[in-house]
Amino acid sequence: FYTLFMLQVENVKLLDRYTNRKAANGTLYLTATHLIYVDASAEVRKETWILHHHIATVEKLPLTTAGYPLLIHCKNFHVAHFVIGQEHDCHEVYTSLLKLSQPVKPEELYAFSYNPKMSKENREVGWKLIDLKVDYQRMGIPNDYWEITDVNKDYEVCNTYPPEIVVPRAANKAVVIGSSRFRSRGRIPVLSYLYKENNAAICRCSQPLSGFSARCLEDEQMLQAIREANPGSPFMYVVDTRPKLNAMANRAAGKGYENEDNYDNIRFKFIGIENIHVMRNSLQKLLEVCEMKSPSMSDFLTGLENSGWLRHIKAVMDAGVFLAKAVKNEKASVLVHCSDGWDRTAQVCSLASLLLDPFYRTFKGFMVLIEKEWIAMGHKFSHRCGHLDGDPKEVSPVFTQFIECVWQLMQQFPCTFEFNERFLLEIHDHVYSCQFGNFLGTCHKEREDLKIFEKTHSLWPFLLQKKQELRNPLYRGFTAYKELQPNTLPFSFQFWCGMYNRFDKGMHPKQCVLDHLLSCVSQKMKLEDNASELENRLPFFGGPLPNEACSLSKVGRAASKTPMLNTPQDYEVEPPPVLSNGALAGDIDVTSDVDQKHKENLSHHQDLHDLNAAIGVLASKAEDGKPQHH
Amino acid sequence: MEFAELIKTPRADNVVLHRPFYLAVEGTLCLTGHHLIFSSRRQDNAEELWLLHSNIDSIEKRFVGSLGTIIIKCKDLRIIQLDIPGMEECLNIASSIEALSTLDSVTLMYPFFYRPMFEIVEDGWRSFLPDQEFELLSLVTDEWRLSCINKEFSVCPSYPPVVIVPKSIDDEALRKVAMFRHGSRFPVLSYYHKKNGMVMMRSSQPLTGTNGRRCKEDEKLINATLRPGKRGYIIDTRSLNVAQQARAKGGGFEQEAHYPQWRRIHKCIERFNILQESLIKLVEACNDQSHNMDRWLSKLEASNWLTHIKEILTAACLAAQCIDREGASVLVHGTEGTDSTLQVTSLAQIILDPRCRTICGFESLVVREWLQAGHPFQQRCAQSAYSNSKQKWEAPVFLLFLDCVWQILRQFPCSFEFNEQFLIMLFEHAYASQFGTFLGNNENERSKLKLPQKTMSLWSWVNRSEELSKFQNPLFEANSLVIWPSVAPQSLQLWEGVFLRWNRPSKFLDEAHEEMINIIKYNKELQAKVNALRRQLAEMETDDRMQENL
């Protein structure tokens, strides 16, 4: 493991972003995959792990009296502000991180070296955990109207679609091929979700190449086939999720939107969700608000408004709700597209499915949903998440917005999801971590070319292993709720502190209801085992329980209680001298740090041999206080 | 009976009631002296709505042909609509409600007529007496005494008859100090921090005026709370600017020269119409049905409600920090010492004292720091967010306090014995109630109105097990620590339970709450079962052994 540390720097300070607490002092290590900071000043050993893939930007700030500052922004919204003693060291860390955080070739991604010591068979089984065919079967497909076709098996129809797609039986190969020539990048209308109760379907595609007047008979036949696959409704919706102005502008480039006159019985509708560039800038503004040092309430709310972030979230949610209502209440099929049909379309279709079908609100179902609407249908994770050194204008928080919409739904419907907020955060982390193969590349074909399925691991089995901590204790089961009809008035949307200020523990509730309930659930299982074991030992016991026993219920829960973060923050903007004499500092909470380490270190829970070895080395070095140079 | 004169039309049939998220219901409307009663005529699902006239904040009427519509906006922020056939009937009913909801005389209010339908276990009027509080204090310190100087309310009209003051200060000195403080509100003990013996006192502003008047007794009084060589903090809830301006009107603040052992910190907490305006704007924003996100956020920001929450909480945290972390005594005051002062002293106690986070302790806090301390409830809560009266003395000071408590409760969900419903209940009763607890502006007025003899106390009703069970927090686990809330904007939220309560369906959130209760309850039962089984097993084993021995 001598080659493990690429760099080691002593006397590095880690500043606290919000308070005037004394900065931590410690050692910074760079490994092939992580930046590791070990705080030597804390009474209890504290480690901060940052995955190189998570690093969005590294900035050198102007020299301060404390040294050379290095500011790191992560894609999971972690911000680390280091101050390094020597300029030379600072520069070395800076250049190394620039290189490490922006791999050029896909083979350099973590997933290709990540080795959890799992057998080949298990790895392969892991990739088979999610089978989209099973989901189509669940919807009743194939049936009289819909079929799974391999018309795209050699990616001849569309190279960003998967080999197997679901199209109306009535649309023959000629129609499919013809339609594909009239759709941007050949992304023809295919089925996303079939609402079994009334045969209304959600279909998705890219914009038509209609320009100002072009039309295509096969495309018109394709839409007719989709409409006729739902005999219960005389019409279907065609939803363009872009603002009308954007769609019109596209006509000049030979693209555009459907002319209602050319298609029989369609109702055309624009839903103004902004494009990836607007969303990227919006997130940037939001993060600036989140990073403000002691903002006033006005600063924060004005900043939140000006960022437009919640406006965009609401737009996505509104679109999802429109689709779900069209399908359920109006019994009409809906065809959705944006420009290429892989960003806004993915958001809206997956949200609508989530609203309509309780299956997608389970662990397994949510994995299927992401595999189906995002991964298989060619959301360009690699570009949107900036996995590789590339065009920064391609980066956009499209998937983050979807995850946030799900979180917003969880706030309104706390008992309807099998999983909790942490599950969403884990997925969000791994979309950027490149530790698993699922989100690499831009489409199915590219993942095949990269040999993802042979060389990397799938995320889903790893998340299922952690089910206990990711579950929602309030979940009332699969059958308790069917369709969800969320309130989308503006006050129904909250700022998601747990995402955008996730690493600023001081801002979160100091006691966690989720932890408390999860411990109740695990307690419950122990107690049930206990009770049945005792009952077995008492063969003659069968009568009613003595009532007086009920008063003893508190016993045994104390141990599971989560310790509480408990330090005052700066209540004075400029504290009087007496108040800033360090009484506020030095009371860094032990549990929160352990917790933080756990969260920051994505691979820590997995049996990762070499990294664990690294931890071991770090631990032993910290003990004798004299780390060696390599 | 004079109510009869006010009720021109006591009853109307075929009235349709509209409420958000409910189907419209047809039924009969009745007016009584204190209630508006609506009962649906549907046989299968008879439904009754009882609304106290005193809960009505404003009423609007509209006509379409001969169909009249009354929109009733309540102090608890609910809005209902009644369609009443017949123009005359509708006008009569509207004017009756208007008259009955704005009665001048306190003694005509419902609490004077209310006869409880429950058995009184404990008289709430006697639940929280100052002597009891002093007894508790005497167990830990002998530096304080109970003074009866205000027995006849002769020294300070807004103080209770007995107050706790430093032992070394006699009543004669207190009289002099009273002359030096606004409204005679001389410094009294608010809270004793057992952990380190530090105290929090509260008062009104000193009457220094422009020529810097001083009062040796005042200085002596507050210095009596300092440990030798230690400094104390004066938290003035006004900005320095406002405090300086107060001198022109005879008020002012403690000069460094005369109070060398005290460090003064100014915190700006708004008062009166600024707060009332803030409430009106916030509620207006919450009732806006527009789908425009920017408009919502900008209205929320412009209401400044959360800014006030942040300011009040910050000041309270500062006071608590001085006491607990700095080991210093604190004096809190603003101008009158009846509003922002009480917000700060009561919230600081929530932070510092685990007892205040229990149901009984919180009730005691409300009694001590709000009712007995002379917060003018009658004036402040006369109207709520929908009224156009705009009287200077109306202000949601108590609601802001409850909101701050809710913010702390949200951050420490396991540290409070009570739940959000308890706080909402107190909000409702402060504005309209069948109980006499929140009537009057101070103990003096309450005693003149003979409220304890003539009305029922809210506490008599709440503190019965059938009511208490609704207000208990299933997550509560006694926590003896000081709890430090975060005051970052990201940590403070709109109190949906109050402000969005009538604007969204609560079904799914209620179910979540129910589920949480069930999980915890089931675990307790399981634990009990396991314990019982263990005991049974142990007994059987003992029996076996005894039999073997025989």
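**Notebook: the A/B interface**

I started with a helix pair: α8(A) and helix α8 of chain B, residues 293-303, pack at about 170° with axes 9 Å apart. Axes here are lines fitted to C-alpha atoms, for helices over the stretch in contact, and angles run from 0 to 180 degrees between N-to-C directions. Helices (H or I, at least four residues) and strands (E, at least two) are DSSP runs, numbered from the N terminus. The angle makes α8(A) roughly antiparallel to α8(B), a label for angles over 145 degrees.

I noted the provenance: this is a predicted model, where local features need pLDDT of at least 70 and side-chain atom pairs count only at pLDDT 80 or more, while totals for chains, interfaces and linings use all residues. Residues are numbered from 1 along each chain as its sequence is written, chains are lettered from A in the order in which they are written, and side-chain values use heavy atoms, with hydrogens and water left out.

**Interface totals**

I looked up the contacts (heavy atoms within 4.5 Å). On chain A, 81 residues touch 82 residues of chain B. The two chains bury about 7500 Å² between them, 63% of it on carbon and sulfur atoms. Buried area is the accessible area (1.4 Å probe) that two parts lose on being put together, summed over both. Met297(A), Phe491(A) and Tyr571(A) supply 11% of the area that chain A buries against chain B, more than any other three residues.

I asked how many salt bridges the rule finds across the interface of chain A and chain B. There are five, each a side-chain nitrogen of Lys or Arg within 4 Å of a carboxyl oxygen of Asp or Glu. I checked Arg311(A) with Asp294(B): a salt bridge, closest N and O atoms 2.8 Å apart.

Next I listed which elements give two or more residues to the side of chain A that touches chain B: α7 (276-291), α8 (297-307), α9 (309-328), α13 (398-412) and α20 (513-537) of chain A. The largest share, 13 residues, comes from α20(A).

**Backbone checks**

I found a cis peptide bond between Ile141(A) and Pro142(A), with omega about 5°. Pro142(A) sits in the loop between α3 (132-138) and β8 (146-149) of chain A. I also flagged Lys117(A), which has a positive phi of about 55° although it is not a glycine. Lys117(A) lies in the loop between α1 (87-101) and α2 (120-128) of chain A.

Notes: Angles under 35 degrees count as roughly parallel, over 145 as roughly antiparallel, 65 to 115 as roughly perpendicular and the rest as oblique.
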